[in-house]
Amino acid sequence: MSVISEFFRQLQIQRWDDHRYYHHSRINQTLHLVSAISFVCAYAWLFKDPATAALIAWLISMTSRQAGHFFFEPKGYDEVNQATHEYKEDIKVGYNLKRKVVLMVIWALSPLVLMVEPSLFGLLEPHTNSQGFLHNTGLIWLAIGVGGLLLRTIHLFFIKDVMSGLVWMSKILTDPFHDIKLYYKAPFALMRGELIEPRKAH
């Protein structure tokens, strides 16, 4: 099997595991759809205004996505996959809930740094108004997003292998497009009163 074929095989496995283990709730799926659409918008804005793109990504995309996982995804025993919540958290390739808490706390507290050190130790032009503050906050959030992606990717290089890390990074970057394809019907199922996606054991 070629390297490229193996790459896409592992990508397919990571995507399938992500869906079957962590996206049972129709509310979670719907929030992922909202997140995915706004992430695509953020990608488009990235070429025009990176700071605004980061504000969209964090304030809309990440909050909706993580709210789905934290508040709506079932935490009990997974009958379909015969797995406990603790087991799924332990095998999570990317950011499990504990790692997400750390990341979200860093994100939420980071604007406070600008209040103490407006230039971020000489890295940014100090803000003089609220618009400048939001712009610099966006740049910090962009750095946190890129840093979080690279940190976990490099971590996977060591705890798994380089291929797993690169596959995961590719999955994260393309998740918005894949999630739209995967969950575009979720809001309609939710409107029918279907809170959990019907599944059979595999």
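What follows goes from the fold to the holes in it.

This is a predicted model, so a few ground rules: local features need pLDDT of at least 70, side-chain atom pairs count only at pLDDT 80 or more, and totals for chains, interfaces and linings use all residues. Residues are numbered from 1 along each chain as its sequence is written, and side-chain values use heavy atoms, with hydrogens and water left out.

**The fold**

The protein has eight helices and zero strands, where helices (H or I, at least four residues) and strands (E, at least two) are DSSP runs numbered from the N terminus. Read in order, that gives α-α-α-α-α-α-α-α. The radius of gyration is 18 Å, close to the 17 Å from the globule rule for 202 residues, so the protein is as compact as a globular protein of that length. That radius is taken over C-alpha atoms, and the rule is 2.2 Å times the number of residues to the power 0.38. Along the principal axes, the C-alpha atoms fill a box of roughly 55 × 45 × 30 Å. Of the 202 residues, 44% are buried (under 20% relative accessible area, with a 1.4 Å probe and protein chains only).

Helix 3 (50-72) bends by about 30 degrees at Met-62; the bend is the angle between axes fitted to the seven residues ending there and the seven starting there.

**Closed and open space**

On a 1 Å grid over the protein atoms alone, a cavity is a set of points where a 1.4 Å probe fits but cannot get out, while a pocket is an open set with protein on both sides within 12 Å along at least five of seven lines; lining residues have an atom within 4 Å of a point. Points are joined across faces, edges and corners, and a volume is the space filled by probe spheres set on them. There are two cavities of 30 Å³ or more.

| Space | Volume | Top contributor to lining |
|---|---|---|
| Largest cavity | about 140 Å³ | helix 4, three residues |
| Second largest cavity | about 50 Å³ | helix 7, six residues |
| Largest pocket | about 1100 Å³ | helix 3, eight residues |
| Second largest pocket | about 210 Å³ | helix 6, six residues |

For the classes below, Ala, Val, Leu, Ile, Met, Phe, Trp, Tyr, Cys and Pro count as nonpolar, Asp, Glu, Lys and Arg as charged, and the others, Gly among them, as polar.

The largest cavity has 14 lining residues, and Tyr-22, His-69, His-85, Glu-89 and Leu-97 are the closest to its centre. By class, its lining is five nonpolar, three polar and six charged.

Around the second largest cavity, the lining includes Arg-15, Asp-18, Lys-171, Asp-175 and Asp-179. Helix 1 and helix 7 (162-183) each give two or more residues to that lining.

Which residues lie nearest the centre of the largest pocket? They are Leu-149, Trp-168, Ile-172, Leu-173 and Asp-175, out of 43 in the lining. This lining has 25 nonpolar, 10 polar and eight charged residues.

The second largest pocket draws at least two residues from each of helix 5 and helix 6. Its lining includes Arg-99, Ile-106, Gly-147 and His-155, and by class has six nonpolar, three polar and two charged residues.

Notes: Buried < 20%, exposed > 50% of the residue type's maximum accessible area, 1.4 Å probe, protein only.
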